[in-house]
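Here are a few exercises to work through with the model open beside you. Try each task before you read its solution.

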Amino acid sequence: MAERDAEIVFKKDTVHKLLSGFFKEEKTKLSGDAALLMAEMLKIFVEEAAVRSQKQAESEDCDEVEIEHFEKILPQLLLDF
Amino acid sequence: MKMSVDKDETLQRLKAAVHYTVGRLCQKTGEDHRREFSRQVIAAIAETTFRQCDIFAKDLEAFARHAKRSTVTTDDVKLVARRSTALSIYIQNKSEELNQEQKDLKKKNTGKRKSRETEEESRE
């Protein structure tokens with residue numbers, strides 16, 4: 001029971017390295033709390049992408065979620081974020 | 001020459017880490033709705049998430065710079081979440097949760113110290 005409920009998260013360290021790598025200036029740093037919050041943001045981004053793709057597949061009566069389904073929902077997903 | 005090789009390695013490792021978590025999240029969503037995600041679509045979502053991080057990072061940096069800070073804080077993250085009301089509220093709540101956790105942790109440590117002091121006093 002406990003295993004099913006184990007939360008899937010982006011590791012704070014991964015998020016930190018990821019975002020820091022994209023900063024334009026060397027002096028820009030990322031606080032620990034900001035990294036944790038961004039990990040939440042990313043998780044929601046992925047979940048939205050997954051759920052919307054799944055719903056698209058459902059509306060097309062498809063058994064598997066394929067790349068065409070993701071492509072259709074991608075524009076709105078990016079606009080919403 | 002070596003430096004750029006190391007950088008590529010780090011990048012690949014980060015991409016792999018993102019791909020791994022994306023895969024697990026897609027698997028869970030698939031289980032909840034009884035529809036599997038193809039490997040191609042998981043890779044596409046992972047790649048998109050990775051690129052979205054670039055956009056997020058640039059925005060965060062710009063917000064911090066605008067506030068004349070060199071460190072990105074949770075205030076900047078809240079701004080990044082501004083486009084959707086639901087998302088905004090969710091991030092705001094998570095931020096408060098984090099603050100509360102830290103306060104509770106501090107209180108726990110101060111409490112331990114205080115009770116130890118009173119113990120020593122009563123012994124004297």
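**Exercise 1.** Work out how much area is buried between chain B and chain A, and what share carbon and sulfur atoms give.

*Solution.* Start with the general idea: the size of an interface is often quoted as the accessible area lost when the parts come together. Here buried area is the accessible area (1.4 Å probe) that two parts lose on being put together, summed over both. For chain B and chain A that comes to about 4,800 Å², with 73% from carbon and sulfur atoms. On the chain B side, Leu25(B), Arg35(B) and Glu61(B) give up the most area to chain A, together 14% of what that side buries. Now count residues in contact (heavy atoms within 4.5 Å): 51 of chain B meet 49 of chain A.

A word on the ground rules: this is a predicted model, where local features need pLDDT of at least 70 and side-chain atom pairs count only at pLDDT 80 or more, while totals for chains, interfaces and linings use all residues. Residues are numbered from 1 along each chain as its sequence is written, chains are lettered from A and ligands numbered from 1 in the order in which they are written, and side-chain values use heavy atoms, leaving out hydrogens and water.

**Exercise 2.** Find Thr29(B) and decide whether it is buried or exposed.

*Solution.* First place it: Thr29(B) sits in helix H1 (residues 2–33) of chain B, helices being DSSP runs of H or I with at least four residues and strands runs of E with at least two, numbered from the N terminus. Next, the cut-offs: buried is under 20% relative accessible area, exposed over 50%, partly exposed in between (1.4 Å probe, protein chains only). Thr29(B) has 8% relative accessibility, so it counts as buried. Finally, skip its neighbours within four places in sequence, and Thr29(B) is in contact with Ala50(A), Val51(A) and Phe37(B).
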